[in-house]
Amino acid sequence: KNFNLKTVSPRGVFIDRSKERVYELTYDDDTAAVDDYGPTDLTQLVPDLNEVGLKYLEVQHKPDMRLHCVREDGQVALMVFDRPEKVMCWCLIEADAEILDVAVQMGEKEDQVYYVMQRGRKYYIGKWAHERDCRGGLLNRQADLFVEYDGVPATTMTGLNHLNGEKIVVWADGKDVSTYDADGVHTGPVVSSNSITLTTAAAKVIMGLPYTADFKSGKLSAVDGGAAPNEKRTITNL
């Protein structure tokens with residue numbers, strides 16, 4: 001995979017020889033001399049994002065175009081395309097494990113993405129949850145390295161050997177049943193002896209590590225003669 005060209009519809013993407021930049025190869029009919037293909041730097045706005053070096057690149061086509069770029073530090077630089085809306089976004093994906101490789105299997109509604117990960121002396125194959133399975137409901141797969149239980153109602157949940165000693169989040173029968181202190185800080189439950197015990201029996205449970213999703217918006221422009229860009233303002237809804 002290293003430095004090989006990956007096709008993205010009629011285009012192609014590749015890691016250049018610096019191992020820091022990702023380019024898109026597109027047909028340029030505006031070339032002065034003759035029609036030809038030319039590269040476009042997709043990392044132009046984030047030149048320092050991949051200074052640690054890139055190893056592998058894989059393309060996901062559904063539910064939208066995404067480039068999974070495995071970095072030398074065990075994290076993934078993820079780029080999301082949305083050409084109809086002219087959106088291009090880079091995100092940094094990190095897990096409580098070192099990500100070593102990535103593979104994508106084509107799907108009918110959503111592609112299935114797999115990460116090969118190393119945690120301590122053990123290797124795991126992590127499977128990305130589908131977007132449609134992360135919107136609430138009885139099984140809300142919004143946790144890292146999660147384990148799913150779907151069976152008769154029970155209070156004891158096992159099979160959590162890879163999460164021993166960790167504070168995890170728990171989604172049971174359609175709601176968050178994790179524990180929090182008086183200030184709302186997540187406190188567990190903590191996995192012990194490969195298991196946890198729920199206070200109420202549940203039939204559909206997701207158990208995994210919590211994660212933080214950071215967001216930084218663009219500068220808010222003035223609207224209808226309102227505040228200038230550098231002035232403080234209040235956001236009433238999002």
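The model is predicted. Start by selecting Glu166 and Arg119. They form a salt bridge, with the closest N and O atoms 3.0 Å apart. Now look at where each partner sits. Glu166 lies in the loop between E12 and strand E13 (169-172), and Arg119 lies in strand E10 (residues 112-119), so the pair ties together parts that are 47 residues apart in sequence. Glu166 is partly exposed, at 25% relative accessibility. Arg119 is buried, with a relative accessible area of 18%; the cut-off for buried is under 20%.

Side chains of opposite charge can pair when their charged atoms come close. How many salt bridges does the count come to? The count comes to nine salt bridges.

Next, select Glu131 and Arg66. Their side chains meet in a salt bridge, 2.5 Å from N to O. Glu131 lies in the loop between strand E11 (122-127) and strand E12 (144-157), while Arg66 is in strand E6 (residues 65-71), so this pair ties together parts that are 65 residues apart in sequence. Is Arg66 buried or exposed? Arg66 counts as buried, at 10% relative accessibility. Glu131 counts as partly exposed, at 36%.

Move on to Arg141 and Glu148. Here too the side chains meet in a salt bridge, at 2.9 Å from N to O. Glu148 is partly exposed, at 35% relative accessibility. Salt bridges with shared partners join Asp64, Arg66 and Glu131 into one network.

Stay in that area and select Pro63. Pro63 lies in the loop between strand E5 (54-60) and E6. Pro63 is partly exposed, with a relative accessible area of 36%. Which residues is Pro63 in contact with, leaving aside its neighbours within four places in sequence? They are Lys109, Glu110 and Glu131. Draw a line from Pro63 to Glu110, C-alpha to C-alpha. These two are 47 residues apart in sequence and 5.1 Å apart in space.

Time for rings. The structure holds two aromatic pairs. Select Phe14 and Tyr23. This pair is stacked, at 5.8 Å centre to centre and 15° between the planes. Phe14 is partly exposed, with a relative accessible area of 21%.

Then select Tyr115 and Trp128. This pair is edge-to-face, at 6.1 Å centre to centre and 85° between the planes. Tyr115 is in strand E10 and Trp128 is in the loop between E11 and E12, so the pair ties together parts that are 13 residues apart in sequence. Tyr115 counts as buried, at 4% relative accessibility. Trp128 is partly exposed, at 28%.

In soluble globular proteins, nonpolar side chains tend to be buried together. Select Leu160, Ile168, Ile196, Val205 and Met207. Of the 23 residues in the largest nonpolar core, these touch the most other members. Strand E9 (98-105), E10, E12, E13 and strand E17 (196-209) each supply at least two residues of this core. Which strand gives the largest share? It is E17, with six residues.

Zoom in on Val205. Not counting residues up to four places away in sequence, Val205 touches several residues, among them Leu139, Val147, Tyr149, Trp171 and Leu198.

One stop remains. Select Leu49, Ala77, Met79 and Trp90. They are included in a second, separate core of 15 residues.

Methods:
Residues are numbered from 1 along each chain as its sequence is written. This is a predicted model: local features need pLDDT of at least 70, side-chain atom pairs count only at pLDDT 80 or more; totals for chains, interfaces and linings use all residues. Side-chain values use heavy atoms; hydrogens and water are left out. A salt bridge is a side-chain nitrogen of Lys or Arg within 4 Å of a carboxyl oxygen of Asp or Glu. Helices (H or I, at least four residues) and strands (E, at least two) are DSSP runs, numbered from the N terminus. Buried means under 20% relative accessible area, exposed over 50%, partly exposed in between (1.4 Å probe, protein chains only). Rings of Phe, Tyr and Trp (its six-membered ring) pair if their centres lie within 6.5 Å; planes under 30 degrees apart count as stacked, over 60 as edge-to-face and the rest as tilted. Contact means heavy atoms within 4.5 Å. A nonpolar core is a set of buried Ala, Val, Leu, Ile, Met, Phe, Trp, Tyr and Cys residues joined through side-chain atoms within 4.5 Å.
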